[in-house]
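The sequence and structure come first.

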Amino acid sequence: MYFGIVKSVSDPKKLGRVKVKIYDLHDNIKTEDLPWSQVMMPANTPAINGTGHSVNLAIGSLVAGIFLDGMMQEFMVMGSLPTKTEGIEDNNVRVRAEADPNADEETGSYQPSSGYAPVYPYNNVMETESGHVKEYDDTPSAERIMERHKSGTQYEIVANGSKTERIVRDNYQLVVGHDTLEVFGDVRIIVSGNADVAVAGNMNTAVGGNIDATSTTGNITLKTTDSVNKKVVLDANVLVKGNLVVNQTTTTSAQSSTRSAVVLDNHTHDDFDSPTVQTGTPN
Amino acid sequence: MINLQNLKVTVQNADIAPMVLSLTMFETIKGNIRGSMTVLDNMNFMDTFIATSHAPIEIHWQYESYQFTYNFYGDGISDMQINKLGKQYTIHFLAYTTMNAQVKRINNAFSGRSDQIIYDIFTEINDNRELGRLMIDTRSITKGKYIVPNIKGQEALNNVVNSSWDNNKSPLLLYQRLADEGDTRLTSLSDMNDTEFGLYEQNGTIVYKNTFTLKATVAGADEESDGLEARTQIGTVSKFVMDEFNTNFTHKIASGYYGQKVQNISLDETSSNDFPPAELTNIPATYYKLQNNLFDGDTKSVFSTLCEPDSYLAYNQKRRVFNHRMTAMDTVAVPGLSVGYSIETDSGGSNMSNSKTDTKYIIASIQHRFTMQDGEFQYAQDIGLIRDGTE
């Protein structure tokens, strides 16, 4: 078994091969002269027909392996060794169960606190060169799954099953088919900017209790763009606590065959003392 | 036997020839010259000799019209007998290039034809061009790149030599001849076979021009000869000994000496190549081939063809040539005769023992023996001869 340092990962054949400078054997060999070494992958990688995993060795990785030939020309990497390179721990900070490296990041006003509380050696972490992270933390009573983009966008599932999703930029979701959100408890949506809901078909809102629509600084408008054929229907008694201003004609419905519809703007009443005389129209 | 003349053995600038009882040098096509000498030391020279670990030793002698000077380095003392008057012991010595090849390590990248790589490695090992020169008799057709992984120079040289062959698919050998006085040679077996020894001078006169023949002493072959006279004739062999003729033949067949049906597994492309037998037998053999693109670009490893049939043709030739080994014992020394030449034998003369073993051989080794006899050094050679037992 020999040990060496990965010097190049830019395999021209894109087979995941790396150039390894093996201690003692390649001390005087330039990187450009080093052979390309194949990397033995774990058995859960089929490594055929485009399936399997990528080789994630990086320049500087300490690796171990064997030579496939007696002349020691073809080296095969059998694994990497996380140790300490130039005084810096190679093993991931989350694996070592040190303080959450992202604890100081900005959080939302209602964002639950992270369930990050790993204990070595339970946290299974994969972190890439740029800083993407996957965690499968098996720490007893603090089991978590966390997946994070280097920008800070991430989701976390904590021990009790609660999930927190944090997106540091825009979010977009496309559902080509149908979408269903079923919530047993309450739903709270906080929008700091504007909110637009566009529905091409009907929009039905079935509410078991009250519906409150409050605008603190603006108007509330219910309208249909086809004012000739379509209506805004208030299908219940209407309580107007403020003034009621009608810009157009106000007409009541016909109440019987003998009582026709009334136009509020110009309607008259019978004179009580003289039925044949009508009162004047409203001012 | 013919006596040696003007033997000088200089160890650290002191001529110890008067102390020498016997001296032996061994040359072989498999490597460098080495030797030993037994000395009677009545002046406590040993204490001086061992002052340095590798004392320079220069041996000079004259035999017939030939003069030789050879530089060695001391490699220790053994078998010392000590009494009140002095010591008798054996001094071992080896070639300058052997010493360097064993001690110096190579950690470098080389590219080109195999013979060029051998030259470059050899030059890196031996920084004294006077004491370490390489003569290339045969160019290889094998080529590529070799990353020498900080191993002994000798090991690096062997790796390339053993994976090289010429355009006759004949293997290369790296060796020293005593006649070359320190030079190392790179020659293929086929070129050795074609290099017939037959020319040397005696008192300024060319004695032999044709292929030299080693002849057995024919004691009593005729009424006038008792065989003693022949012992003063150059190249007269006291006894021919057939050391091997296809010994362990079955084992050799099974081991693929006479051909293999090679299956090459390429790990970088997960492919299998089946090669038909290139020789007599089809003993199956599976090998894992080096990656074709082990390095950047189209550069291949100098060992990339090591598992292919052409390589085994050469490799087997090198193994088979030792199937027929014979030793010409206690030969009246032939001046200028060295390993890597081909000669012929006349082992039985007109007797019944004459057989097909009398033919052309390559000289694989020579033990040169200088033995003190009646105040003079007699020079005898034990000559190792080889050829393919199937020929």
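## Interface between the chains

The contact (heavy atoms within 4.5 Å) takes 24 residues from chain B and 23 residues from chain A. This is a predicted model, in which local features need pLDDT of at least 70 and side-chain atom pairs count only at pLDDT 80 or more, while totals for chains, interfaces and linings use all residues. Residues are numbered from 1 along each chain as its sequence is written, chains are lettered from A and ligands numbered from 1 in the order in which they are written, and side-chain values use heavy atoms, with hydrogens and water left out.

About 2,000 Å² is buried between chain B and chain A, and carbon and sulfur atoms give 49% of that area. Buried area is the accessible area (1.4 Å probe) that two parts lose on being put together, summed over both.

Between chain B and chain A there are four salt bridges, a salt bridge being a side-chain nitrogen of Lys or Arg within 4 Å of a carboxyl oxygen of Asp or Glu. One of them joins A:Lys19 to B:Asp296, with the closest N and O atoms 2.6 Å apart.

On the side of chain B that touches chain A, β9 (105-113) and β11 (143-152) of chain B each supply at least two residues. Helices (H or I, at least four residues) and strands (E, at least two) are DSSP runs, numbered from the N terminus. β11(B) gives the most to this side, with seven residues. The residues of this side of chain B divide into 12 nonpolar, seven polar and five charged. Here Ala, Val, Leu, Ile, Met, Phe, Trp, Tyr, Cys and Pro count as nonpolar, Asp, Glu, Lys and Arg as charged, and the others, Gly among them, as polar.

## Strands and sheets

In chain B, three strands form an open sheet of mixed pairing in the order β10-β13-β12. β10 (134-136) and β12 (172-176) of chain B each have a single partner strand, so one side of each is left without a neighbour in the sheet. Two strands pair if DSSP finds at least two bridges between them.

In chain A, an open sheet of five strands with antiparallel pairing has the order β8-β9-β10-β11-β12. Its edges are β8 (123-127) and β12 (163-166) of chain A.

| Strand pair | Sense | Bridges |
|---|---|---|
| β10(B) and β13(B) (184-188) | parallel | three |
| β2(B) (5-11) and β6(B) (56-63) | antiparallel | five |
| β2(B) and β3(B) (14-15) | antiparallel | two |
| β10(A) (144-148) and β11(A) (154-157) | antiparallel | four |

Bridge partners include B:Ile136 with B:Leu186 in β13(B), B:Thr10 with B:Glu58 in β6(B), and A:Arg148 with A:Gln154 in β11(A).

## Backbone details

β2(B) and β3(B) form a hairpin with two residues between them, and B:Gln12 in the turn has a positive phi of about 50 degrees. B:Asn13 lies in the loop between the two strands, and its phi is near 70 degrees, a positive value in a residue other than glycine. B:Val11 stands opposite B:Ala14 in β3(B).

In chain A, the peptide bond from A:Tyr120 to A:Pro121 is cis, with omega near 10 degrees. A:Pro121 lies in the loop between β7 (88-89) and β8 of chain A.
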